Structure formats: C-alpha cells, structure tokens
Amino acid sequence: MKTRHILFLFAFTANLTCGAQETASVIANGIPWFDNRRHIVNAHGACLIEDNGKYYLFGEWKSDTTNSFPGFSCYSSTNLADWKFERIVLPRQKSGLMGPNRVGERVKVMKCPKTGEYVMFMHSDDLKYQDPYTVYATCKTINGEYQLQGPVTYQGKAIRKWDIGAFQDDDGKGYLLIHHGPIYRLSDDYHSVDAQVANVPNSGESPAMFKKDGLYYMLYSDLTSWEKNDNFYFTAPKIEGPWTKRGLFCPEGTLTYNSQSTFVLPVKRDNDTLYMYMGDRWSYPHQASAATYVWLPMQVDGEKVSIPEYKQFWDINTSQTVDLLKTCKPLPHTAIKAEAAWGNRTDRMDSSVKGSYIRVSFDDCRMAIKGVSTPHSCYAKVSVTNARKDTVYTSFVDFYSKYDNEAVRLITPKLKRGNYTLIIENTGDRPNWTDKTNRLYGSDGSHVTVTGIYPMN
C-alpha cells in the first residue's frame, strides 16, 4: 500500500504579525543565523577575536553531505549579532594536509605581537581520523587569504594530535591547547612550539581557556563523538599548573545545553567584562544547515564557573533573557486542515511519516517554528517558496535530542515583499552516526513535533 503525503493546510495568509522584540544586541541560540547575504552563518569549531573595533569569527565551513574539508570561513560583526561574510580565508588546497579527502577542524587565529602577523591553527586529518596533524597558516591581514605553512613542530617533529585550542596571555605569549591535557607554549613568531609547559590530568577534548583576575580556566568536553555531553572545567593559578578539576559548569544532565565547548570570549561592556561561552550544537551529518551555536553568559566567581540556565535569546549588553515571541500569537489550530499523520491535538502537530508536510501561506514577515526535540526525532526540511513556486530558502532542522526540550527551532530570514509559502516536511532522515569503535549514536525514531508557528515582523 502506498503511503499518502499528509497535508496541514493553512487556508489564509499569515499577516497578523507580532511586534519586533529583538535588537541588534540579541544572541539567538539553537537556531540558524543569517549573514548579510541571507545565507546561514557557517563557522563551527570556531574562535572570535576583536581587531580594530570589529569582531572576527573564524570557523569550519561545513557541508550537509560530507565531513571532508571545504575551507575555513570568516565573518565580521560590530555587535556579535549581525554578521557580514568576509570570505573563505583558507580554501581547500589542491593536495596535502588540507587537500581533498582530508578533515579540517577547530580553527583558531591569533595575532602575533612580535611580527604583527595573523597565525591560524587547525587540526588536519584523514576521513577516518587516523592521520592527525596540527597545522598552521599565516596572513598579513585578518580577513585575507591565509597561506598554509605546514605542520606545527616541537623539537623538530610534527605535532600529531586531534582537537586543539589556542590562548593568548596578557603578555602576548601564545599557547596551543591539546585534547586530553598537553599545553604548549608557542615560539615568539607563533610558527612552532617552544616548550610543553603543562599537562592537565584527567581532562578531555575541545579545550577552551580563559583568564580572569589572574586565575586560569580550562573547559573540556567528554569524548562522545558528535553526541553532546556534560562539559567540565579546571582552574590553575598559572598556566604551568597545578590544574585542579572543579566539575561541571552547566547543570548535570543538560549536556551543556546540548553543546560542546569551542571558545570563551571576554567581552568588555560599559561596567564590566562578560565571559561568553561559545559552543557548537553539532548535527551530524547535516552540519551546514542544521548545526547551530550556543553562546551564553558565564558566571565566574573565583574558582566557581557556572551557566545556571539556558537562555535561547539574550541581550549581550545586559545578559538578560529576551522573549522574541512575547507579543506573537501562534497560528490557530482551528485554521488548520489536517490529516492523520500529524495528529489532531490542539497543542502540537507530530508526524513520524516520511514525506508528510505542513504548508503555511504568508506575506513578507518572518516565520518562527517552535517544536520539541526528543530521542525519537529526525530531520525536518524547511523550505520557503515564492508566488512563482521558486524555492528562496531551504535548510534542514534537527529535532533530535537525548532529552525532551521545547524551543524555537527556526526563524526564517527576512524576505522581500511578496507572497510566500512555508513548507515543513518530515524527511524520515535520522541523525545517526558511529564512532571509531562502531558504536551507534543518535535517534531511534522519525518524529517531527511542531508546537507552534508564529508570524513575526
């Protein structure tokens, strides 16, 4: 028997929109961000540096189809919320360590005080993660095309490690952070390692270091492949140690709000300095469109670091939560013509049928999709078509999580004035993957659960 395509039909144009709640200073977590071209910001495993009054975000330019290295991206911003695409600052090379069929991850950039040169560090590997190198590239300008120089060496030998981080101290000395403990001090020109100065015992991967009031902090995640876990941290009175494990910095069981540490950015504000946690919410295999970011204000008091609550939308100037949907009204259930696959509840629409979909007609407003992620969920494909039925936006949205949670999953980009159709389709495509031991991770079902669709200005 053939499976029918199931349709929710919104029989009117969604022109009752809520007032715009957001400002230029609002950080939006767990949803795609859009740059000045209305393209999704694609910069994972990232770092942020401030240079001449601008912030520059460097990250992995991910694909929705393969994990092979396509390049590292660079975006700029004056407020950490609105992003301009600068360029692919390190494209895939014709051959070699950053060439075809290689992995490129954890890009970190620092400006060398001695030379004025910008130095980029990265993890290079084969697709099976069995040929790791720590590699560096250089550029005279922060947003130019970086020139690959080769492996980072220590005592004449290439450093053959996986996850990396980087840290620049107040005195200008640069440090290379390595998964599971090693900390290397870079040479004065940042082109090689001068010495190994510490080894953090019982640590993890994706290291991220920051410093406050003379105390050093190091964040790590556990080793769970692309799956999320409860990240933890260490402190030390100096980089050389001793390093003391302090425990988790997010509530246990939240899996670091479904993210993995990548960087900590000190943000100078009018009356204080904010230490902003930067994490990746990975979504293998659809990393380009479905993977998102989790950036949150950290509370740092002596040896205590915490992020006590998840803020999906928050103001970077005040650290206060912002409710973007406060004055928005969801489209009423009574306006929906539904068939069986998406259920008949007034509080949610749920389907586990591949190919089933929802359609909404709307004007030039944006549409916010709210939904529940669960251990039994899959990808939805969200598309927007214009009056000529041309697709003007499409991406995957990941509804999988190891624990149930409801949040906004997508806010579509602002479009030119016109008539559009929003389509939410259950792809039946589950986020599943294996690690080096062939252990299976990810979803055990094919559900997509939508709890509201909100027209927004």
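This is a predicted model: local features need pLDDT of at least 70, side-chain atom pairs count only at pLDDT 80 or more; totals for chains, interfaces and linings use all residues.
**Stop 1**

Select Glu 60 and Lys 62 and show their side chains. They meet in a salt bridge, with N and O 2.9 Å apart. Side chains of opposite charge can pair when their charged atoms come close.

**Stop 2: a link across the chain**

Next, select Arg 106 and Asp 163. Their closest N and O atoms are 3.5 Å apart, and the two form a salt bridge. This pair links distant parts of the chain: the residues are 57 apart. You will find Arg 106 in strand E7 (residues 102-111), while Asp 163 sits in the loop between strand E12 (157-158) and strand E13 (164-168). Both Arg 106 and Asp 163 are buried.

**Stop 3**

Select Asp 131 and Arg 160, whose side chains form a salt bridge with an N to O distance of 2.6 Å. Asp 131 lies in the loop between strand E8 (118-126) and strand E9 (133-139), and Arg 160 in the loop between E12 and E13, so the pair ties together parts that are 29 residues apart in sequence. Asp 131 is partly exposed at 23% relative accessibility, and Arg 160 is also partly exposed, at 38%.

**Stop 4: two cis peptide bonds**

Now show the backbone and go to Gly 241 and Pro 242. The peptide bond between them is cis, with omega near 5°. Pro 242 is in the loop between strand E19 (232-236) and strand E20 (244-248). Then move on to Tyr 284 and Pro 285, where the peptide bond is cis with omega near 10°. Look for Pro 285 in the loop between strand E22 (273-281) and strand E23 (292-301).

**Stop 5: two positive phi angles**

Asn 101 is not a glycine, yet its phi is positive, near 60°. Asn 101 is placed in the loop between strand E6 (84-91) and E7, and is exposed, with a relative accessible area of 53%. Tyr 129, also not a glycine, has a positive phi of about 55°. Tyr 129 lies in the loop between E8 and E9 and counts as buried, at 18% relative accessibility.

Conventions:
Residues are numbered from 1 along each chain as its sequence is written. Side-chain values use heavy atoms; hydrogens and water are left out. A salt bridge is a side-chain nitrogen of Lys or Arg within 4 Å of a carboxyl oxygen of Asp or Glu. Helices (H or I, at least four residues) and strands (E, at least two) are DSSP runs, numbered from the N terminus. Buried means under 20% relative accessible area, exposed over 50%, partly exposed in between (1.4 Å probe, protein chains only).
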